[in-house]
Amino acid sequence: MDASFADPDVITRLLDESRTWAFVGLNDRPERVVYDQARLLRARGKRIFPVHPSRAEVLGEPGYASLADLPEKIDVVGVYRRSEHAGAVIDQAVAAGAGAVWLPLDVVDEEAGRRALDAGLAVVMDRCPAIEWSKRH
């Protein structure tokens, strides 16, 4: 994988300076990894936006069917979909004016990541926010 998708300075900046995170794939199923990641980042002071077709309320936050439905621009979009679906979510994040996309462990789409970089977004790929947070704090 291209090292630019795991730049330690970008990771630190996103974890420390971001305020809002949209979690694509987040619904009201606490057994899923995305639920744990959203809960962790919320506990660290981030405002979270669940994005899932079910529009389920999660962790007390209203759900949204798509990134286009969000009421404000998002600093980071967490792409909690399988790799084969990540590119479409990344393109939606670009269209929505997000500042960055973060793909968790084992989710990789370098071509879509390059599209996001070309559009001015920061990109983190194949990294876990919880692990990266623990390395830095």
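**Layout of the chain**

Reply: Going along the sequence, the pattern reads α-β-α-β-β-α-β-α-β-α, with helices (H or I, at least four residues) and strands (E, at least two) taken as DSSP runs numbered from the N terminus.

Me: Where does the model come from, and how are things counted?

Reply: This is a predicted model, where local features need pLDDT of at least 70, side-chain atom pairs count only at pLDDT 80 or more, and totals for chains, interfaces and linings use all residues. Residues are numbered from 1 along each chain as its sequence is written, and side-chain values use heavy atoms, with hydrogens and water left out.

Me: OK, what share of the 137 residues is buried?

Reply: 48% of them, with buried meaning under 20% relative accessible area (1.4 Å probe, protein chains only).

Me: And how far does the C-alpha trace span?

Reply: About 35 × 30 × 25 Å along the principal axes.

Me: Switching topic: where does Glu-132 sit?

Reply: Glu-132 is in helix α5, residues 129–136.

Me: Buried or exposed, that Glu-132?

Reply: Glu-132 counts as buried, because its relative accessibility is 4%.

Me: What is Glu-132 in contact with?

Reply: Leaving out neighbours within four places in sequence, Glu-132 is in contact with Ile-11, Leu-15, Trp-102 and Arg-127 (contact means heavy atoms within 4.5 Å).

Definitions and conventions. Buried means under 20% relative accessible area, exposed over 50%, partly exposed in between (1.4 Å probe, protein chains only).
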